[in-house]
Amino acid sequence: GLAVPTTPYPRGASRSGGGGREATSSVTSSNITGRHDELLYHHNVLDAVFYHLPIGVVLITAWGDIRGFSKGAERMFMYTSWEVVGENVHVLMPAHAATRHDYYLSRARQRMTQRLSSMFKLPETSIPLDNMIFTDDEQQNRISNDVLRMSMFGGQKREVLAVDKTTTSFPLEIMVSPVLLKNSLFFLGYLVDVRDLTLFQDLTVKQELLLRSVLDSRVISRLLGGERTINDQFECVTVASLEIVDYYAKATALDSDAQRAEFVRDVYHVVDGVLSESQVSKMKTMGHRCLIASGVPVRREEHATLVVVAAIAVQQGIGVLNRQLARGKSVLSKRERIKQRESGNALDDAWKSQLVPVQLRIGVHTGPAVGSFYSHLKGEYGVFGTATIKAGQLQATCRPGAVHISADTFAQLPPELAPLCEVRRDMGVPYTYDISAVDDASIPA
């Protein structure tokens, strides 16, 4: 547990050099035994508390000598209390921090001396901090209360570097409070090893980023605010349904499930790259099909334009993908390929040439929908309604490599996009429109 000095004077006994009082009551063996048992009980309680504390506690004198070292500190620094008690606290810190720590201690001693000098109208040079002599209990209580006030309002958390027994440096969060023990000034340091805390914070940040990649930040805020059911009505949104053409035939021709998974991943690598630079969200992925939308869960006036432009960009990206696959070249960045090799999941890219041509069908419709947080188990927010159903129907009748849009979506587009749309009269009235893959220069910014 925490080894602390105990007063050498029994209650009622005189203090040497203090001109104090003589004992006025008789001391019996039964009183001594009862008092000893009580002290032993309290010592065991404190020992149990300090043993299980996750933090470290170090007690030092006003000059920096270690007088107490908790079990938590032993685990933190890998020293036993017997190895460090009596040593200067410098052994627990880097060499460059020792001088600065001595300066802090000298300032703390000076402040305490000034307080006592002002309290008792004595010169500062006549006040020893390591063996104060009190003329009465009232004087001792006044000083104890003054130290207590310093402890309550003077301790502030700060992060420092510490050194363990193996001379390994590690970060600590420390708070120091002055205490009065055995008529002397000590400093009690509460230490928290922030290595695990830093790892936890890093993990929390990564988890939050991952969550935000799945759910919109506004939906997350609503869920954290206590909403359990989210069904948002949207009068007008634009939804696109994307599907890989002849996926099952291509997947069957591949040799392994790993190749099939990488085939789909390469396609979604293109889709995600486009969506990351637009205000369009991926709402759901179903193997070789996915839904993207704009205007939900965040309402946007230009949702139709955003989705159509994103759909054209996806088809252009698939054209680039085909050229890469034909050369047996990976679509991943150099860093991503290195990570894949290090994880042991890298595949030879030569097999990808047999996938060419990879084509998508994309159907787009604009209409009413409901945005719903529908799966508490997996945390999924989806879009449902007329817009989703008709987008699926348009995708099913889309020409490979094109974008098939409804008349409702066409009506929402700006005039600059109209020349790209080719009327399809085979779908009944109202007419639908096809947009073939075009160059970037043909798409308005």
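Let's begin with the lining of the largest cavity: Leu242, Glu243, Ile244, Val267, Tyr268, Val271, His288 and Leu360. A cavity here is a set of points, on a 1 Å grid over the protein atoms alone, where a 1.4 Å probe fits but cannot get out, and lining residues have an atom within 4 Å of a point. Strand 6 and helix 9 each give two or more residues to that lining. Helices (H or I, at least four residues) and strands (E, at least two) are DSSP runs, numbered from the N terminus. The volume of this cavity is about 40 Å³.

A word on what you're looking at: this is a predicted model, where local features need pLDDT of at least 70, side-chain atom pairs count only at pLDDT 80 or more, and totals for chains, interfaces and linings use all residues. Residues are numbered from 1 along each chain as its sequence is written, and side-chain values use heavy atoms, with hydrogens and water left out.

Now, stay with Leu242. Beyond its neighbours within four places in sequence, Leu242 is in contact (heavy atoms within 4.5 Å) with residues including Val271, His288, Val314 and Ile362.

Leu242 also belongs to the largest nonpolar core, which has 42 residues; Leu242, Ile362 and Ile405 have the most contacts inside it. Such a core is a set of buried Ala, Val, Leu, Ile, Met, Phe, Trp, Tyr and Cys residues joined through side-chain atoms within 4.5 Å; buried means under 20% relative accessible area with a 1.4 Å probe, protein chains only. Which helix gives the largest share of this core? Helix 10, with 11 residues.

Across the protein, 40% of the 445 residues are buried.

Technical notes. Buried < 20%, exposed > 50% of the residue type's maximum accessible area, 1.4 Å probe, protein only. 1 Å grid on protein atoms, 1.4 Å probe; cavity = no way out; pocket = protein on both sides within 12 Å on 5 of 7 lines; lining within 4 Å. Points joined across faces, edges and corners; volume = space filled by probe spheres on them.
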